[in-house]
Amino acid sequence: MTAATSKGMARADAEKHAELDLLRTSLRRLFERHWSADMAGNGGTPEQRQAVWRALLEVGLGTLGSLDDASAGGWQELLLTMEELGRAACPAPMAALALSNELLSSCEVAQPMLDVMRSGAVQAAFSLGSHDGDADAGRACWEGRAVSGSLRYVEALLDATQLVVLALDGDTTVAVVVILDGLPVSSLPGLAVPPLGAIAFEEVSATRIDVDSNRVADLGLSARLLLLARAYGAARRMFDLAVEHAGLREQFGKPIGSFQAVQHKLANAYITLEAISAMLRGIGQWRDAGQPVWRMAALSALAAAGATLRQVALDAHQVLGAVGYDESHELPRHFRRVHADLARHGGVRRAERELADRLIDQSSALPDTPLGESGERFRCEVRKWLEQHWSAERKAAHDELPYLERAHHPEFERALGAEGWLGIAWPKEHGGQARTPQEQLAYIQELEYADAPGQRMSLQAPALMRWGTTKQQIFYLPRLLRGEIRICLGYSEAGAGSDLSALTTSAVLDGDEWVINGEKLWSTHATFSDYVWLAVRTDPQAKPRHAGISMFLVPLKDYPGVSIRPGMAMYSRPFSTIRFENVRVPREALVGPLNGGWRILTGALAEERIQMGSVVFRCRRVFDAMVAQIRKTSDLANKDDLRSRVGALAAKVEAARALLANSIEGDVIADQSAHAAAMSKVYSADLMQQLGEASLDLLGMQATLAWSAEGNLLNGELEQLLRHSLMYTIGGGTQEIQRNLIATRGLGLNRKAERLN
């Protein structure tokens, strides 16, 4: 791909984002004019609902969902419109019209009917009939020149003048358009507002339309996606109200948003919403591009959202308390919408089973992140290189080694260095390749999928490029780039884990040397590293405490005063204590400004958090291997409860991938990178634990066996995954600290409290 082509694609993406933003703004203005809060609260009168529907049609939304008209607006526009309907608690029958467009837009005989629907002269309801997914939703049958049926849970039926329904004509599914004038329609009051409807009819004259069977197969999934998008919009509005309330409502003299319990509740909701948003965005893009993977992505989103968006709704109510329990408040209407929409068409359990069926029975695969032309080309390049340099035979020989010896492979790392890939993200002036975020993601993914050893990229190099002296850069960067040296982290201490500002390891200037004393704990790579990236206190009187911290690069191997005491971590890897006793290093060992280490340290942690997203790919690789194991074991593959568990896990793996992709995109925008990366880190680390725990339930005792035990599965990786998962929920900042970061930086929940103090 040329630079011009890359810029052209970026420009097209930016233009698309701008178009969608404009549509969102236009819809919100339209609802402000035509759909008041009072209308939303009770669902409005038929006349009010008709008025807002006509307003939506007048701005050109009537053709959304048409598969044969590229100018009509695609699924990205359609899903966004459904989100905004959910946010506004507006029951406009967009889903019914969109489904009619999808089913009938290529049928010439149906065009006059669609034109009338799109004009607003008639209003249509839509039923999937026997394809509905809810057990008691009913069915319709075509007999001769008439249709008979009994249908339930039909949205917008109470306002509709005609009904489009999928009916059975023998073994064939056809579309039938029924004029509702005079037919008895009953209301089904409940969570849905306005109520869903029910209807029974016998030998009613109607219009029969032959339809494409392929469209029928996708139609049910389309219907579920539309309701998911609307439920997401409602849940997002509930969340926004909860965040606003948390910043304003004071209890015990402080905004409730300053309380950690509230922050963590809202951080969890934020992670969920960003995951579903990223998944919906990807589905719209894939579907508009005609890529079949949208179906797996859609099932994943449905399975992921069913429980999680409901939890967002519950948590929003908990934050607002009795304030939001009053029916005059916005929250109750959105609460009902979220729960009603997510229960429809078989709900989360159906999505989980269908997802598992595709994975187990059809050997379908979850989506990979779209990486653009250059990213995909580089992915292929890395994959081919690995076939040569990390062949199946070489990997098998490596896997025969004791687990302790598999963490470090100097020869392989030097081979990566020879390709320049250890500097894949480095700017070219420092010898790097300046690869795009998408290419970096392709590189990390392929190494993870190949289960290749060694580090992917240096965590310290970006800090050295920004803060290091020319002499430091000349000495360290080429060696890091070639894979000749390794640098471990020296951060945590007995009294300074998550709170690194409390560290006490000291450095005191004595002439032209710094004298370092103290102890660092829990270093995972110290036994085979050459240097330690060391955070020390250089001003014990500094206020605040973090203002007295500086960064050093200190040699490790046989260096006077440095002692390494190896231990064994729970996940069978070295877990060392590094002791510094009057260790003397030259002045030039200081990296960056004196007492300016906090900024450097937190920047390096941000790099670490972004790179820790590679755990997503490990989870995906292990999950795929688990499914393959289940697939070849009939006793497991045929268990319904197991399939639901597999489907739920698959949805979480896909959500983690979407969040990771979102964090890579956010990396371009400085004010979003920290909390976007933190959300990916929290979700993927939790997923690793869930995957390890689930392996025991799904695969039994064999999943508990280590690599050295006869009959182990996946070379013992499952039990290792479970043990290793604890490190990911602690290393790089605990899950609690990450949630604090998400709440304070991402949601701004600390700002008013800071002003009050």
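**Strand pairing and aromatic contacts in the predicted model**

Strand 3 (residues 146–154) and strand 7 (residues 196–205) run antiparallel and are joined by 6 bridges. Strands are taken as DSSP runs of E with at least two residues, helices as runs of H or I with at least four residues, and both are numbered from the N terminus; two strands pair if DSSP finds at least two bridges between them. Within this pairing, Ala 146 stands opposite Ser 205 of strand 7. Strand 7 also pairs with strand 6 (residues 185–188), again in the antiparallel sense, over 4 bridges. Here Val 185 has Ile 199 of strand 7 as its bridge partner. In a regular strand, side chains alternate between the two faces of the sheet.

Residues are numbered from 1 along each chain as its sequence is written, and side-chain values use heavy atoms, with hydrogens and water left out.

Turning to the rings, the structure holds 12 aromatic pairs. Rings of Phe, Tyr and Trp (its six-membered ring) pair if their centres lie within 6.5 Å; planes under 30 degrees apart count as stacked, over 60 as edge-to-face and the rest as tilted. One of the pairs is formed by Trp 390 and Phe 412, which is tilted because the planes meet at 55°, with the ring centres 5.2 Å apart. Trp 390 lies in the loop between helix 12 (372–389) and helix 13 (392–399), and Phe 412 in helix 14 (residues 410–418), so the pair ties together parts 22 residues apart in sequence. Trp 390 is buried at 5% relative accessibility, and Phe 412 is buried at 0% (buried means under 20% relative accessible area, exposed over 50%, partly exposed in between, with a 1.4 Å probe and protein chains only).

Trp 421 and Tyr 443 form an edge-to-face pair, with planes at 65° and centres 5.9 Å apart. This pair also links distant parts of the chain, 22 residues apart: Trp 421 is in the loop between helix 14 and helix 15 (437–449), and Tyr 443 is in helix 15. Trp 421 is buried at 1% relative accessible area, as is Tyr 443 at 0%.

Arg 287 lies over the face of Trp 294, 3.9 Å from the ring centre, and the charged end of Arg 479 sits over the ring of Phe 475, 4.1 Å from its centre. A charge sits over a ring if NZ of Lys or CZ of Arg is within 6 Å of the ring centre and within 35 degrees of the ring normal.

Note on methods. Predicted model: local features only at pLDDT ≥ 70, side-chain atom pairs only at ≥ 80, totals over all residues.
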